[in-house]
Amino acid sequence: MNGGRAIILNRIREALRNNPAPRPHTSHSQTEASAHQNGHAQREWLPKVGTTLPEQIDLFAKISEGLKTEFHRVPTAESAREVLAKLAAESGWKKIATHSHHDTDLLLEGFSLPIVRTEKGYAIDDIESCDAGVTGCEVLVAQTGGIMVSVQSAGGRALSVLPPHHVVIARTSQMVPDLTAAFDHVKRKYGKSFPSFMGFITGPSRTGDIERILVLGAHGPKRLTVLLVD
Amino acid sequence: MRISLFVPCFVDQLYPNVAWSVVRVLEGLGHEVVFPESQSCCGQPPFNSGYWDEARSAARVTMKAFRDAEVVVGPSGSCVTMIKVFYPDLFKGEPDELEARELAAKTHEFSSFLVNVLGVTDVGAKFDGKVTFHDGCHGLRELGIKSEPRTLLSHVKGLELVEMAEAETCCGFGGTFAVKYAPISTAMDEVKCASILETGAGTVVSNDSSCLMQIRGMLEKEGSAIRSLHLAEILASK
Amino acid sequence: MATQAADFQSLSRRYTADKPFRAFIQKALSGYYRKRDENKANFQDWQGARDLAAETKYEAVNHLDKYLLEFEEKITARGAKVFWAPNAEAARDYILKVARENNVRSIIKSKTMTSEEIHLNDALEKQGFGVFESDLGEYIVQLRKEAPFHLVFPAMHLTRGQISDLFQKELGSEATDEPEKLTMIAREVMRRKYCEADMGISGTNFAVAETGMISITENEGNARLTTSLPKIHVALLGIEKVLPRLEDLSLFLPMLATAGAGQTMTCYNTMYAGPRQPGEPDGPEQMHVVLLDNRRTELLADAEQRDALGCIRCGACLNVCPIFKNVGGYSYGTTYGGPIGSVITPHLRGLKDWKHLSAASSLCGACTEACPVKIDLHHHLLQNRRNGAKAAPNAVEKFTFGGFSVMMGRPGLYRLAVGLGRIFQPLQGLVNGTILDPLKAWTGSRRFPKLAQKSFHEQWKKERGGKR
């Protein structure tokens, strides 16, 4: 059942027993850095993030737009609905998919096109034939210009990756400075019962596999829209 | 200062003028230069091929030659690396490990010695022309030498320094690699020479004669008029 | 010469002679250099980040059993099955068993070099399972029946024209020279495969011990689809991929993206903590994690080179290696090429047969400089040479170097040898470049310098005679 578990563990223990490896040559004192950053040593070296919310939102906007994410800052849920309606009309959507969630429910109030929902399970082909998938998110990450999704915040695993256009509805209160903060957030929120899927989405799907030339929409969504409501 | 000159074996046999240039510059700065004649080879060829016992035998000759030296200076990033970086590894656990470490500590590459030890950046040299500098890999990555040659060249009257795109890319010498894997070595040499040509420089300069042998070898074969000179030769020219 | 060494010589000869090919590879990498440098500059301190990454991997690798056990405990608690495969055969057999027991017919794969290492596709296809590579680059080389050219960019050696021809031939699609159109062709083909596959096989970039998760880094979204729709997920990873804590990812994800692809973050970085949990709307019913040893523990036992197990497979060392850039990925003849491949292959596949990869290097050190986790790559090549010379010394070399060091220790002998050299040099001049030329390997492409009339030793003695 466990295959070579005992074999491998024995090999590892034998390999490490009384056989120390030289420590890496490092020029920085990590203990100092670590203590300084509440145990988050990496914050000393990773790209800087502004400390205020407006700075973080600006950074997020700048980076995400550079990645070809369509970023819309809107003052109210109503204005978010208007942007979505315009998007649907311009893109010629026929059918969209979503999940039940406070933010998506609010966004899709009065939405006229057919909606497929994922939270009670779904047929793959029903989602596959949708023009867009609308989800919430866990947090937005200023440092990377990306969002974090999970089963609960994005209606499962496929909703945010299978339809060709992914629309995310988020609130400014969900902005966190960096990846470290994003991980702190999920640890606090889920404790020991992590969802089976969570992750970062940083721009529309892309590939450089053909002559290193950038092409969007390789397999995942070709378009990513983030609606950020105050 | 009493400076003991370390002359790598191929400088000794192929490019003695490089060694004389070092002597002229150091004596010109008012120092005494001595040459321990019992030195031969730092042991890098057998070391690089994995024959460390044989490398130790050759290295011991070098250690003995410089036993009483105050400070040792050599015009080669790769051979100085052998002493400074690899002698401690080579002699780890050996009875003469301490002596190896001591020699490592007191040995310096020529440009690094001038700038970092003597604090000299202008040796009063004069050389007219456009020059591009090739960073020998050992000097660059093992000894951290990057700015020193450029600082020295910037004070040479009449000299215009231009950087080539592939300054830090290996020329392809690599010791026995150059013959064991000649097609790859040649390909790397081609990349380097193309980058030199692109700069429009009339002279390519390096602090490693082995690199210069590789680069000059191809430039001459291609009939190029571009000269290849060691940094010491530039610094010794008036 | 061992066949592998001879193969390397002939392949590298062929590829280095192909100047357009070399120029193409160089061009393909030039955009990466620029973006990599931009992203490195965004770090407050890239060198500090490398130090921390090196220390984190040191901790993980030197306590490998502890972290693997923690990982296993956490992920099995959520219903995943963990299989420990001591070798390639055990890993293949397990995956085949899972496929058979679950009546799997069609398998979709996302990019995993580890599956290349164990020749998984071959084994699955021989047993009648349809296997589809979903990563665009992998899909392309799969259609061409070739191995991946590069750790991270499998098809970087192909032109769009070649890819268009390939799709025309294999998929019946229209000819096109637009990368966008070619990508969309592949996208359409793959969409059906994701929806129909019974099993998805993925790799793993990092296995987080603290929370029992596997993390997958990608740009296309094919790994996400591979692990969302099929009812079985098999994740394959080398045992060394483990990281201690979840927050370590906040360092490693950006560093992997920067070093590997010149990006701030890749498009998708996803953590999987098990199969579908109660109440979740989708996801695989089964998750199998296959932990592969396959001689990694032998590398672990070599304390001098143990840091090579910290490799995050970013490919940065390949991208800066002048040997790789001139000989290409296929010359290496083994799954892992470039500097990291040259370092680890002797450990994973045998020193005698693979030490030549460590010799085929000028030891420039660009790889070590580029490595985000500070593996001492070029020094390990030297160590492999030393180990190789001890285990299987080349008689001619040993004799030559033996003679060399004797000669260097005896000034009289040294002068004699040099004197002879001076006598014979004109003779070499006569046969220069011909089949009789002993220096032909050099003189084929470069002029060999003349020995000086008098060595520096002799000149010094003459001019400064008496002075020591």
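How many helices and strands are there in chain A?

**View 1. Overall make-up of chain A.** In this predicted model, chain A has eight helices and 12 strands, taken as DSSP runs (helices H or I, at least four residues; strands E, at least two) numbered from the N terminus. Its C-alpha atoms fill a box of roughly 70 × 50 × 45 Å along the principal axes. Of the 230 residues in chain A, 57% are buried (under 20% relative accessible area, with a 1.4 Å probe and protein chains only).

**View 2. Surroundings of Ser12(C).** Ser12(C) belongs to helix 1 (residues 3-17) of chain C and is buried, with a relative accessible area of 1%. A polar atom of the Ser12(C) side chain lies 2.7 Å from the backbone oxygen of Phe8(C). Beyond neighbours within four places in sequence, Ser12(C) is in contact (heavy atoms within 4.5 Å) with Ile184(B), Val327(C) and Ser331(C).

**Notes.** Residues are numbered from 1 along each chain as its sequence is written, and chains are lettered from A and ligands numbered from 1 in the order written. Local features need pLDDT of at least 70 and side-chain atom pairs count only at pLDDT 80 or more, whereas totals for chains, interfaces and linings use all residues; side-chain values use heavy atoms, without hydrogens and water.

Terms used. Buried means under 20% relative accessible area, exposed over 50%, partly exposed in between (1.4 Å probe, protein chains only). A polar contact is a pair of N or O atoms within 3.5 Å; within protein, one must be able to donate a hydrogen and the other to accept it, and residues adjacent in sequence count only if both atoms are side-chain atoms.
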